[in-house]
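Student: I have just opened this entry and would like to understand the words used for it. Could you take me through them?

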Amino acid sequence: RVNDFLEEMELFGPDNFRTPGLANRLKAEALFVRAANYYYLAYCFGDVPLITKVLLPDEAQNLTRDPESEVIAKVIEDLEFAVANLPDEYPSSDVGRVTSHAARAMLARVHMSYGDNSSAEPLLRDIIQSGLFTLDANQDGEVNAEDWAYIFHHDTKNTPGVVFELQYLPGTDGRSHTYTNLYTPVGGIFPPGYTQRLDTWGIGAVSPELYNSFEPDDSIRKMISVRMYEGDTYMPHTMKFIYGYDDGVPYRVSSNVPVFRYAEILLNYAEVTNDPQYLNMVRHSVGLPGWGEPGYPVDKYPTFALALEHERRLEFSFEGHRGFDLRRTGRLLEVRGEELGRTLSPHRIRFPIPTRVLEINTRMEQTDGYQ
């Protein structure tokens, strides 16, 4: 779709746009989308077909896997274009569009994933020093756990606590999301305050390990992030994507979904600079003692790396971070193996190519270890 858009725009002619700079801005938005998709594809699958033009059917059925390094080089090139050609912010009429800071956040995430913290550091610093984002998400002049709850409240849209978020609209016309359905065990449940059953697919239910990882005073994050069994009314699930929604019909949930929260920028910066003050900013914002301060559970998390790992698990649960975080720090196989009670083979850091892809394209090779 991005390639089709870019080719049609080129045919129209960038010089024919009446608004100066609009052609480059639209191109940058499109390249951000393509780069984001290719980052996730390459990081999950390794070598994947790099497609930068519209394909004919016979071309699409004869693709081969391009080296991961080439794919990521293109991702970085496209994101650098996006950083250079997107505005830092938009007027209210265009709120929700990709900004240069969203592109910086994605580019920093890519660099960190491939061990290039030195390239990520100035991108993260620019976001922090922009003054556009804050942990005081509700803008009441005080940073506390209420700001964390405010971000995930159903009615909150485009708070300065979030750098970039997916936009959803209320109503029954298909603009709601299905995150709640995804992150609850398979079956039907009645979340608190709901009169209609929520049918679910069970991709990421709350585990006892996650539930027990929250510290005793981490009440608001725990209350919203993880709900365990309560009688016969509902099973373990997260409230992050239905918090504050009270009309009793969960299928109409239209809260925005964060992609880059300011807390991630701070924790990423703490990681690339090895500076605990940015980790402690996040912990202090929810009323918890910081790393190196009295009351921190240093017996459980004795190193700064483990402290970061612990904080990211709780801060970003059900936001699609943990597997990427553990993979980046080289602990994915160890940690997940312990949780699953078995030894995981090294090839498990990659996904297998889906069978349907191999059936359609006989030139596509399976990921090593899955043959």
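Tutor: Gladly! Let's start with residue classes: Ala, Val, Leu, Ile, Met, Phe, Trp, Tyr, Cys and Pro count as nonpolar, Asp, Glu, Lys and Arg as charged, and the others, Gly among them, as polar. By these classes, the lining of the largest cavity has seven nonpolar, four polar and three charged residues. This is a predicted model, where local features need pLDDT of at least 70 and side-chain atom pairs 80 or more, while totals for chains, interfaces and linings use all residues. Numbering starts from 1 along each chain, and side-chain values use heavy atoms, without hydrogens and water.

Student: Why is Asn280 called buried?

Tutor: Buried means under 20% relative accessible area, exposed over 50%, and partly exposed in between (1.4 Å probe, protein chains only). Asn280 has 9%, so it counts as buried. Asn280 belongs to helix α12 (residues 276-285); helices are DSSP runs of H or I with at least four residues, strands runs of E with at least two, numbered from the N terminus.

Student: What makes strand β4 largely enclosed?

Tutor: Five of the five residues in β4 (residues 257-261) are buried, so the rest of the structure largely encloses this strand.

Student: How do you know that β1 and β4 pair?

Tutor: Pairing takes at least two DSSP bridges between two strands. Four bridges join β1 (residues 162-166) to β4, and the two run antiparallel. Leu166 stands opposite Val257.

Student: What makes the length of helix α4 close to the expected one?

Tutor: The expected span is 1.5 Å times one less than the number of residues. Helix α4 (residues 68-85), with 18 residues, reaches 26 Å between its first and last C-alpha, close to the expected 26 Å.
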